[in-house]
Amino acid sequence: MLFVLFTCSILLYQFADEMAKLIAAVRKMAAYAGVEALYIETVLKAVGVAFISEFIANIAKDAGQQALAAKMEIAGKIIIMALILPILTILIETVLNMLPGR
């Protein structure tokens, strides 16, 4: 298991530069489109949490710990829900303001 952790860490380290380029490109496109930074940062954080929680869950599954893997996946989903709460609030407020009689 230690070998798996070491190998995965090396792979993630090597892909860090490519991930940085991808994030920079997404930010550049968002700035060009006039999207608020709050939305882009939140989406990038949510994607990062999803990748990390899946990575941890897969390591737990490889170690034969299916119950722990399921808990890690649930924890990742809860963290993502907490991250997107401000965006969800803004979305609901926008929809309510569009309703007639408000």
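1. In this predicted model, α2 packs against helix α3 (residues 66-98) at an angle of about 175°, and their axes are 8 Å apart. An angle over 145 degrees counts as roughly antiparallel, and α2 and α3 are therefore roughly antiparallel to each other.

2. On the α2 side, the contact with α3 is made by Leu38, Tyr39, Thr42, Lys45, Ala46, Val49, Ala50, Ser53, Ile56, Ala57, Ala60 and Lys61. The α3 side supplies Gln66, Leu68, Ala69, Met72, Glu73, Gly76, Ile79, Ile80, Leu83, Ile84, Ile87 and Ile90. Sorted by class, this contact of α2 with α3 has 17 nonpolar, 4 polar and 3 charged residues.

3. How do the axes of α1 and α2 cross, and at roughly what angle? They come within 12 Å and cross at roughly 165°, which makes α1 roughly antiparallel to α2. The crossing in which α1 passes α2 is right-handed.

4. From α1, the residues that meet α2 are Leu5, Cys8, Leu12, Ile23, Val26, Arg27 and Ala30. Their partners in α2 are Ile40, Glu41, Leu44, Phe55 and Ile59. The contact of α1 with α2 has 10 nonpolar and 2 charged residues, and no polar ones.

5. The largest pocket holds about 500 Å³ of space. Its lining consists of 19 residues, and the closest to the pocket centre are Leu12, Met19, Val47, Gly48 and Phe51. One of these, Leu12, is also among the α1 residues that meet α2.

6. Which elements give two or more residues to the lining of the largest pocket? They are α1 (2-33) and α2 (37-62). The largest share comes from α2, with 10 residues.

7. By class, the lining of the largest pocket divides into 15 nonpolar, 2 polar and 2 charged residues. For reference beside this lining, the nonpolar count is 10 in the contact of α1 with α2 and 17 in the contact of α2 with α3.

Key
Residues numbered from 1 in each chain as written. Predicted model: local features only at pLDDT ≥ 70, side-chain atom pairs only at ≥ 80, totals over all residues. Heavy atoms only, no water. 1 Å grid on protein atoms, 1.4 Å probe; cavity = no way out; pocket = protein on both sides within 12 Å on 5 of 7 lines; lining within 4 Å. Points joined across faces, edges and corners; volume = space filled by probe spheres on them. Helix = DSSP H or I, 4+ residues; strand = E, 2+ residues; numbered from the N terminus. Nonpolar A, V, L, I, M, F, W, Y, C, P; charged D, E, K, R; others polar. Axes fitted to C-alpha atoms, helices over the stretch in contact; angles between N-to-C directions. Parallel < 35°, antiparallel > 145°, perpendicular 65-115°, else oblique. Left-handed = near helix turned anticlockwise from the far one by under 90°. Contact = heavy atoms within 4.5 Å.
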